[in-house]
2 protein chains.
Amino acid sequence: MREDVSLATVAARAGVSVSTVSRIVNGQTRRASPATVARVRDAIEAVGYRPNPVGRALQRGQSQLVAMIAANLDNPAMATIASSTETALREAGYVMILCDTHDRAELQDEYLFAMRAQMVRGYVLVAAVPSPGLSELSTSGAPTVFVNRRNPSGSGPFVGIDDAAAGAAVADYFADLGRRVPAVVFPRLSSSASRDRVSGFLARLRERGWSDEAIVRADGEGRSHLQVGYDAGARIFDGRDRPDAILCVSDQIAYGVNRRALECGLKIPGDCELVSIDGTPLNKWVAPWLKSIEIPYAVYGAEIVSGLQLIWRGEPFGERLLPCKFG
Amino acid sequence: MREDVSLATVAARAGVSVSTVSRIVNGQTRRASPATVARVRDAIEAVGYRPNPVGRALQRGQSQLVAMIAANLDNPAMATIASSTETALREAGYVMILCDTHDRAELQDEYLFAMRAQMVRGYVLVAAVPSPGLSELSTSGAPTVFVNRRNPSGSGPFVGIDDAAAGAAVADYFADLGRRVPAVVFPRLSSSASRDRVSGFLARLRERGWSDEAIVRADGEGRSHLQVGYDAGARIFDGRDRPDAILCVSDQIAYGVNRRALECGLKIPGDCELVSIDGTPLNKWVAPWLKSIEIPYAVYGAEIVSGLQLIWRGEPFGERLLPCKFG
DNA sequence: ACATCTTTGGCAAACGTTTGCCAATCTGTC
DNA sequence: GACAGATTGGCAAACGTTTGCCAAAGATGT
């Protein structure tokens, strides 16, 4: 309907100046008499005024936009994070811009630049990759929350899980189950999350009596975790020491490993127990053979946004490790 | 680095006025002497000037933002559409805002309003739902592309597949295979896409000799297609006429049906052929038992953006039906 | 009656950009 | 040497908002 309702429209109708309306819109009711406030409020209602975010952003030097820069939207886990964050941001009155870096540093930098130009109010970096622009961002002090992977260039607010503990929990599970030849599969392009999961797993196994050589480690190349699992699976299942329990650091890796296992004629979980860390809801529909540490991605959004709000208020926000369920 | 490089910075350095720089930035080189142009270009380079999209949007009454309003990001198909669209938009110099409506009309309207306030340059509606705001949008003539589901309130540019043909292809497949009791599963909350797929399937079966009563139809309630399939599966497999071939209008429905089939002790595809329409890449990893009409979601982005560009240039763009592969 | 303080509200600048219009300078022609 | 026309570039307004500052009142105290 009204395309052009601005402060001026309201001001004209209420017979006051633009400044007065602006102040009232922003809650400074003390700067006007109650009568004026009422008159202005009526006018706002009557013409259906809504503040223009663009004008506001220009003046304030800051928009209501929050940039989510994610490594790969095709990964259901990230899609869930994006979705829950978007919901939480909307409820808090912000608007999310979504950028998919395909895990590539130069794209990440391109987005970082573009987002600064948009005067975004904050950054949510899901599985960030090291890059020049990112170091610059960290030193600039812009409000930033890292998700899943910690800041690869320095420290910074973090939302995720206790990755080492998750790895250790799987180690305990395998040990308690009486498995003898544990293995772990992870991407060669390693992130803090992968590293911590693997090292937590290895450390606990060591505590429980395994020697380092007794644990099969297999990585896979490339950005697709599905392919990583499939490739690593080939080497694992062809090797002499065929494992009877495998930790996959992500669901998608487990999908790849499982497919290779089927091709090798193995029964999962009969011949080999498979456990992954992610536990996306799709698992119980299409991969009931997969046990998982369930990461509560659906609540990430709320945590991320409350972290951002803390940062905006100048309060400290170090990290938030969310509890996982083993299901 | 430079936080505050504006036209004024460049102008000062090049010793010209802001207007001159603005014109040169926008390619109007005829309004300045070659010498001036060179000097300004050098200055732009030197200070690393990048136009501020906010100032520009305010002046032009239109931003570089494009709103994607999607029904449910947790659905991998939509995530792929979002991802490919985002890539195509970035390559064309635009920035995508992502909104997840969770298939709810009131949220869709909230977003439609918010996006108009952001002066977005266009709208991409993935699986739009009927709503007052949407009818208003259609009549307003704002650049809009509908994806997957046609405009529920009127007509409008559309990117998708030939849904009826896809349904018919599955019917032919079942018939050629010699299956006797075909079934179709679809969500009760129906969209143009679901409806056309189902009716194309039924029509072709009729042509090939089936009577309407001989075809099992089952729908399921709710927004989760997984649940839709699971619930409909219960009724299908408990019925007397157990089908030997089922068309599921989406992958997720097939996942749900399959799970129910397993629980009923059926073998897929031995006891019952399952075919879905979607064919997301995940299928071959986690659901190799599922045959699909493969919708090329990964190329939707390019089609959507070229459609938008046509509309922006004032050229006509009716619909673009992409070819599918049966795999 | 005067000084002082508070209330109420407007003016105008600023954010960064674009663009219509006007002014100065240059080129060429008569 | 004067005039038309083209070239080159700046001024200023506009987009919608926020906010420092000032001014006109009214309220209070002496």
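These are my notebook entries on what I looked up in this predicted model.

**Entry 1: domains of chain A**

I began with the layout of chain A. The assignment gives domain 1 as residues 7-51 and domain 3 as residues 163-295. Domain 2 is written in two pieces, 62-156 and 298-326. I then looked up the spacing of domain 1 and domain 2 of chain A. Their C-alpha centres lie 36 Å apart.

Next I turned to the DNA. I found 26 residues around DNA strand D. The nearest are A:Leu7, A:Tyr49, B:Thr20, B:Arg31 and B:Thr36.

Which part of the strand faces the protein? Among the atoms of DNA strand D within 4 Å of the protein, 57% belong to sugar or phosphate, and the rest are base atoms.

I looked up individual polar contacts too. A polar backbone atom of A:Leu7 sits 2.5 Å from a phosphate oxygen of DNA strand D.

Seven are nonpolar, 13 are polar and six are charged.

**Entry 2: salt bridges**

How many salt bridges are there over all chains? I noted 40. I picked out several.

A:Glu136 pairs with A:Arg116, with the closest N and O atoms 3.6 Å apart. This pair links distant parts of the chain: A:Glu136 is in helix α7 (residues 132-140) and A:Arg116 in helix α6 (residues 105-117), 20 residues apart. A:Glu136 counts as partly exposed because its relative accessibility is 27%. A:Arg116 is also partly exposed, at 25%.

A:Arg260 and A:Glu263 form another salt bridge, at 4.0 Å from N to O. Both are in helix α11 (residues 251-263) of chain A, three residues apart, or about one turn of the helix. Is A:Arg260 buried or exposed? It has a relative accessible area of 18%, so it is buried. A:Glu263, at 45%, is partly exposed.

In chain B I looked up B:Arg179 and B:Glu273, whose closest N and O atoms are 3.7 Å apart in a salt bridge. They also link distant parts of their chain, 94 residues apart. B:Arg179 is in the loop between α8 (163-177) and β6 (182-187), and B:Glu273 is in strand β9 (residues 273-278). Both B:Arg179 and B:Glu273 are buried.

I also found a network in chain A. Salt bridges with shared partners join A:Asp172, A:Asp176, A:Arg204, A:Glu207 and A:Arg208.

**Entry 3: backbone exceptions**

Last, I checked the backbone. Most peptide bonds are trans, and most residues other than glycine have a negative phi.

The bond between A:Ile268 and A:Pro269 is cis, with omega about 5°. A:Pro269 is in the loop between α11 and β9 (273-278) of chain A. In chain B, the bond from B:Ile268 to B:Pro269 is cis, with omega near 5°. B:Pro269 is in the loop between α11 (251-263) and β9 of chain B.

A:Ala127 is not a glycine, yet has a positive phi of about 55°. I placed A:Ala127 in the loop between β3 (122-126) and α7 of chain A. Its relative accessibility is 5%, so A:Ala127 counts as buried.

A:Asn148 also has a positive phi, about 70°. A:Asn148 is in the loop between β4 (144-147) and β5 (158-161) of chain A. A:Asn148 is buried, at 13%.

Notes:
Residues are numbered from 1 along each chain as its sequence is written. Chains are lettered from A and ligands numbered from 1 in the order in which they are written. This is a predicted model: local features need pLDDT of at least 70, side-chain atom pairs count only at pLDDT 80 or more; totals for chains, interfaces and linings use all residues. Side-chain values use heavy atoms; hydrogens and water are left out. A salt bridge is a side-chain nitrogen of Lys or Arg within 4 Å of a carboxyl oxygen of Asp or Glu. Helices (H or I, at least four residues) and strands (E, at least two) are DSSP runs, numbered from the N terminus. Buried means under 20% relative accessible area, exposed over 50%, partly exposed in between (1.4 Å probe, protein chains only). A residue is near a molecule or strand if one of its heavy atoms lies within 4 Å of it. A polar contact is a pair of N or O atoms within 3.5 Å; within protein, one must be able to donate a hydrogen and the other to accept it, and residues adjacent in sequence count only if both atoms are side-chain atoms. Ala, Val, Leu, Ile, Met, Phe, Trp, Tyr, Cys and Pro count as nonpolar, Asp, Glu, Lys and Arg as charged, and the others, Gly among them, as polar. Domain bounds come from an automatic or database domain assignment.
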